[in-house]
Amino acid sequence: MNKVLVIEDDIPLCWLLEKILHGKYEVTVMNDGMEAWSWLSDGNQPDLIISDIQLPSIDGIELLENLSNSLLFKNIPVIILSGYEEGAKRKRCLELGAFTYLVKPFEPQTLVAEVDRVLSYQNQQMVVK
């Protein structure tokens, strides 16, 4: 079962994301960017990260920068969830390697389709290697 790390500080949205993804994926939820980075640094390796942009401690863009600069984590795909349809932020996230950028509110089936697409792509890449 694929492992998905959700990093979101909005507790009701965390609950919703866990409900949407639970059963199909093993879901770990963190409410803070530093907490998530610490969890990753402890040797945890998710197959996908879903992250908000505005987070306490380390925001989503800083998290993407850290991931892209890390030999251990740079290949983990990231889906960004943002309450902002800001072109510059979207562009920056995609430049830093985000797989996709979804704006809140989003349709749950759209998120599930994106998660499936990302993980399918990742699994194909692993078979090719």
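Predicted model: local features only at pLDDT ≥ 70, side-chain atom pairs only at ≥ 80, totals over all residues.
Glu95 and Arg92 lie 3 residues apart in helix α4 and are therefore separated by about one helical turn. Residues are numbered from 1 along each chain as its sequence is written, and side-chain values use heavy atoms, with hydrogens and water left out. Helices (H or I, at least four residues) and strands (E, at least two) are DSSP runs numbered from the N terminus.

Glu95 and Arg92 form a salt bridge in which the closest N and O atoms are 3.8 Å apart; a salt bridge is defined as a side-chain nitrogen of Lys or Arg within 4 Å of a carboxyl oxygen of Asp or Glu. Glu95 counts as partly exposed, at 49% relative accessibility, where buried denotes under 20% relative accessible area, exposed over 50%, and partly exposed the range in between (1.4 Å probe, protein chains only). Through salt bridges with shared partners, Glu65, Lys91, Arg92 and Glu95 are joined into one network.

Arg92 also forms a salt bridge with Glu65, with 3.2 Å between the closest N and O atoms. This pair links distant parts of the chain, as Arg92 belongs to helix α4 (residues 87-95) and Glu65 to helix α3 (residues 60-68), 27 residues apart. Both partners are partly exposed: the relative accessible area of Arg92 is 33%, and the relative accessibility of Glu65 is 27%. A further salt bridge connects Arg90 with Glu85, the closest N and O atoms being 3.0 Å apart. Here Arg90 is partly exposed at 25% relative accessibility, while Glu85 is exposed at 53%. Over the whole structure, the search finds 8 salt bridges.

Asp32 is buried yet has no salt bridge, and the nearest side chain of opposite charge, that of Lys104, is 15 Å away; in assigning charge, Lys and Arg count as positive and Asp and Glu as negative, with His and the chain ends not counted. The Asp32 side chain does, however, reach the backbone nitrogen of Glu35 at 2.9 Å. A polar contact, also at 2.9 Å, is made between the side chains of Asp32 and Ser57. Polar contacts are pairs of N or O atoms within 3.5 Å; within protein, one atom must be able to donate a hydrogen and the other to accept it, and residues adjacent in sequence count only if both atoms are side-chain atoms. When neighbours within four places in sequence are left aside, Asp32 is in contact (heavy atoms within 4.5 Å) with Ile7, Pro56 and Ser57.

Ser57 lies in the loop between β3 (48-52) and α3. Its phi is positive, at about 70 degrees, although Ser57 is not a glycine. With 54% relative accessibility, Ser57 counts as exposed. Another backbone feature involves Lys104 and Pro105, which are joined by a cis peptide bond with omega of about -5 degrees. Pro105 is placed in the loop between β5 (100-103) and α5 (108-128).

Ile7, a contact of Asp32, stands opposite Met30 in β2. Strands β1 and β2 run parallel and are joined by 5 bridges; strands are taken to pair if DSSP finds at least two bridges between them. Strand β1 (residues 3-7) is mostly covered, with 4 of its 5 residues buried. Strands β3 and β4 likewise run parallel, joined by 4 bridges, and Ile49 has Val78 in β4 as its bridge partner. In a regular strand the side chains alternate between the two faces of the sheet. In β4 (residues 78-82), 5 of 5 residues are buried. Both faces of this strand are covered: Val78, Ile80 and Ser82 are buried on one side, and Ile79 and Leu81 on the other.

The structure holds 0 disulfides, a disulfide being a pair of cysteine sulfur atoms within 2.5 Å. The sulfur of Cys14 has its closest cysteine sulfur in Cys93, 18 Å away and therefore too far for a bond. Cys14 is buried at 5% relative accessibility, and Cys93 is buried with a relative accessible area of 0%.
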